[in-house]
Amino acid sequence: YMGTLLFMAKKKAAAAATSKAHEKKELRKQQLELELKRLAVVREATAVVDIFEDLAAFREFNRNGLSLRLEYHHARRMPEETMAWAFGLLRSNMEQLYIDSGWGWNEAEKRGEMTREDMRYIVAYDPSDNRRAGYIEFVAQVEDIGATLYMYELQIEPAFLRRGLGKFLVQVMELFGRRAKLDCILLTVFTNNVNAVAFYKAMRFAVEDSMSPDPLGDDATWIVMRKPLQNPTPAPAAAATTAGASAE
């Protein structure tokens, strides 16, 4: 009798182990399928030659006394003078914020980041005199939380601030992200850049705790913010006059 009980117990344990192994295998399969799906979405978004082929209505920004045109650029194909301007604006707007945050300003590192093969830009300029007004810089990439558009920079020339351009650029990027079936937009912003934090909160970005440092820790000088792309967004044509803000 005891032998029968022992045999049944071993059989039950073996069945449980087999079931658990099957569940783990199935979970790994599902995770792999999800990862491949996210990677495919990111690759497709990165391969887009010009987002304005599908968003032609948003190539122009005409409001608040501005008449601007938007261009989409791949970093490696962007004119050298445009890249030089973009870096100069970034340095002018952000260098001191980097230093104050404790990160320090590493010019070579920033130049390398801005010219990554997969980095993309939307640049706004005045076609009447070719004066550049601002830009948004982003990359499609896979993160643990999904297939994302990671916004590296939103930089606006001082003369074009508080005229709705920054908000418009973010909304155009959102529209592209939704069409590309990306899961969310992510960005990193310094906590001492209070105008930028307020701007993104007004645009319904929220702190992503899983990617941000402990707010009570020594390195709590920055946060990651996230905005999901599943829900409809107001068209840029309805954008208010909230100012664009510099952001890391």
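Me: Buried means under 20% relative accessible area, exposed over 50%, and partly exposed in between (1.4 Å probe, protein chains only). With that in mind, how do you know that R120 has no salt bridge?

Reply: This is a predicted model, in which local features need pLDDT of at least 70 and side-chain atom pairs count only at pLDDT 80 or more, while totals for chains, interfaces and linings use all residues. Residues are numbered from 1 along each chain as its sequence is written, and side-chain values use heavy atoms, with hydrogens and water left out. A salt bridge is a side-chain nitrogen of Lys or Arg within 4 Å of a carboxyl oxygen of Asp or Glu. For charge, Lys and Arg count as positive and Asp and Glu as negative, whereas His and the chain ends are not counted. The nearest side chain of opposite charge to R120 is D118, at 6.1 Å, so the buried R120 is left without a salt bridge.

Me: What does the side chain of R120 reach at 2.9 Å, and which side chain does a polar contact of 3.4 Å join to R120?

Reply: The term polar contact covers a pair of N or O atoms within 3.5 Å (within protein, one must be able to donate a hydrogen and the other to accept it, and residues adjacent in sequence count only if both atoms are side-chain atoms). The side chain of R120 reaches the backbone oxygen of T46 at 2.9 Å, and a polar contact of 3.4 Å joins R120 to the side chain of H74.

Me: Which parts of the chain do R91 and E107 tie together, and which network do salt bridges that share partners form?

Reply: The side chains of R91 and E107 meet in a salt bridge of 3.2 Å, N to O. R91 lies in helix 2 and E107 in helix 3, so the pair ties together parts 16 residues apart in sequence. (Helices, H or I, of at least four residues and strands, E, of at least two are DSSP runs numbered from the N terminus.) A further salt bridge is formed by E153 and K110, whose closest N and O atoms are 3.3 Å apart; this pair links strand 5 (residues 146-156) with helix 3, 43 residues apart, and both residues are buried. Salt bridges that share partners also join R91, E107 and R111 into one network.

Me: Why is the pair of F87 and W105 called tilted?

Reply: Rings of Phe, Tyr and Trp (its six-membered ring) pair if their centres lie within 6.5 Å, and planes under 30 degrees apart count as stacked, over 60 as edge-to-face and the rest as tilted. By this rule the count comes to 15 aromatic pairs. In F87 and W105 the centres are 6.1 Å apart and the planes stand at 40°, so the pair is tilted. The rings of Y150 and Y152, with centres 5.5 Å apart and planes at 55°, are therefore tilted as well.

Me: What makes Y150 count as buried?

Reply: Y150 has 10% relative accessibility, so it falls under the cut-off and counts as buried, and Y152, at 14%, is therefore buried too.
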